[in-house]
Amino acid sequence: MSIIICPGIHEPALTENFISGGLETYFHSQENSVNILSVPNNGFSALSGFHILQVLSDRLGDRTKSSVIFISFSAGVVGAIAAAHWWQIYGGEIKAFIAIDGWGVPLWGSFPIHRMSHDYETHWSSRILGSGENNFYADPPVDHLSMWRSPKTIQGRWVDSSNEVSPPKSRLTAAEFLQMLLNRYQ
């Protein structure tokens with residue numbers, strides 16, 4: 001399985017922080033069975049599903065029909081959702097699609113979708129554009145880039161958006177929520 005990281009339009013160091021701070025525990029618990037692929041952030045190429053799909057094809061080679069999890073942030077959600085649909089059309093399996101602060105981006109697909117938002121208003125207003133059952137929002141609210149820069153420090157709520165009920169362990173960090181999802185889809 002591969003985890004595809006699709007950053008937004010920001011400093012590359014933020015993506016490095018996200019990987020080390022949000023996925024570190026997950027990778028240590030795996031036995032090298034997960035391949036992480038971070039799509040290069042070249043400004044507006046984050047918006048291009050074609051660019052992301054080309055990077056995936058180049059890097060995964062003969063594994064283009066393998067299963068993947070997309071984790072995307074901000075403007076990167078735009079290109080990532082298009083690439084995910086194309087990946088599926090070409091025979092690849094999407095285990096899950098995780099959109100972090102992809103406000104204003106419609107998210108529909110025949111694969112599990114989860115949204116993570118930097119505040120409740122973003123969470124609530126994004127639901128009308130599609131979301132899965134298990135989502136996360138920061139509480140207290142944080143600035144947009146903090147979701148990507150430091151997911152270990154972001155406290156928030158896990159909610160089932162189909163009925164707005166919080167599961168038993170509703171308070172957790174963004175990194176814990178991500179790891180819960182990754183464990184589910186491994």
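Which residue just after α4 takes a positive phi? It's Gly91, at about 105 degrees. I'll come back to that helix in a minute.

First, the ground rules. This is a predicted model, so local features need pLDDT of at least 70, side-chain atom pairs count only at pLDDT 80 or more, and totals for chains, interfaces and linings use all residues. Residues are numbered from 1 along each chain as its sequence is written, and side-chain values use heavy atoms, with hydrogens and water left out.

Okay, the overview. The protein chain has 7 helices and 8 strands; those are DSSP runs numbered from the N terminus, with helices being H or I of at least four residues and strands E of at least two. There are 186 residues, and 53% of them count as buried. Buried here is under 20% relative accessible area, exposed is over 50%, and partly exposed is in between, using a 1.4 Å probe and protein chains only. The accessible surface of the chain is about 8300 Å², with 55% of that belonging to carbon and sulfur atoms; that's Shrake-Rupley, again with a 1.4 Å probe, and for residues only the protein chains shown count as cover. As for contacts (heavy atoms within 4.5 Å), take those with a separation of 6 or more: 58% of them are between residues 24 or more positions apart.

Back to α4, then. This helix covers residues 76-89, so to speak 14 residues, and spans 20 Å from first C-alpha to last, close to the expected 20 Å at 1.5 Å a residue. The expected span is 1.5 Å times one less than the number of residues. Its buried residues are Gly76, Val77, Gly79, Ala80, Ile81, Ala83, Ala84 and Trp87. What do they pack against? They pack against β1 (2-6), α3 (49-60), β3 (67-73) and β4 (93-100).

Next up is β5, residues 113-117. All of this strand, 5 of the 5 residues, is buried, so the rest of the structure largely encloses it. In a regular strand, side chains alternate between the two faces of the sheet. In β5 both faces are covered: Ile113, Arg115 and Ser117 sit on one side, His114 and Met116 on the other.

And its neighbours? Pairing takes at least two DSSP bridges between two strands. β4 and β5 run parallel, joined by 4 bridges, and Ile100 is opposite Met116. β5 also pairs with β6 (residues 134-138), parallel too, over 2 bridges, and there Met116 is opposite Phe136.

Last bit: charges. How many salt bridges does a search of the whole structure find? It finds 2, where a salt bridge is a side-chain nitrogen of Lys or Arg within 4 Å of a carboxyl oxygen of Asp or Glu. One joins Arg157 and Asp139 at 3.1 Å, N to O. That pair links distant parts of the chain, with Arg157 in β7 (residues 155-160) and Asp139 in the loop between β6 and α6 (146-149), 18 residues apart. The other joins Asp139 and Arg171 at 3.4 Å, N to O. Arg171 is in strand β8 (residues 171-173), so this pair ties together parts 32 residues apart in sequence. Shared partners make Asp139, Arg157 and Arg171 one network.
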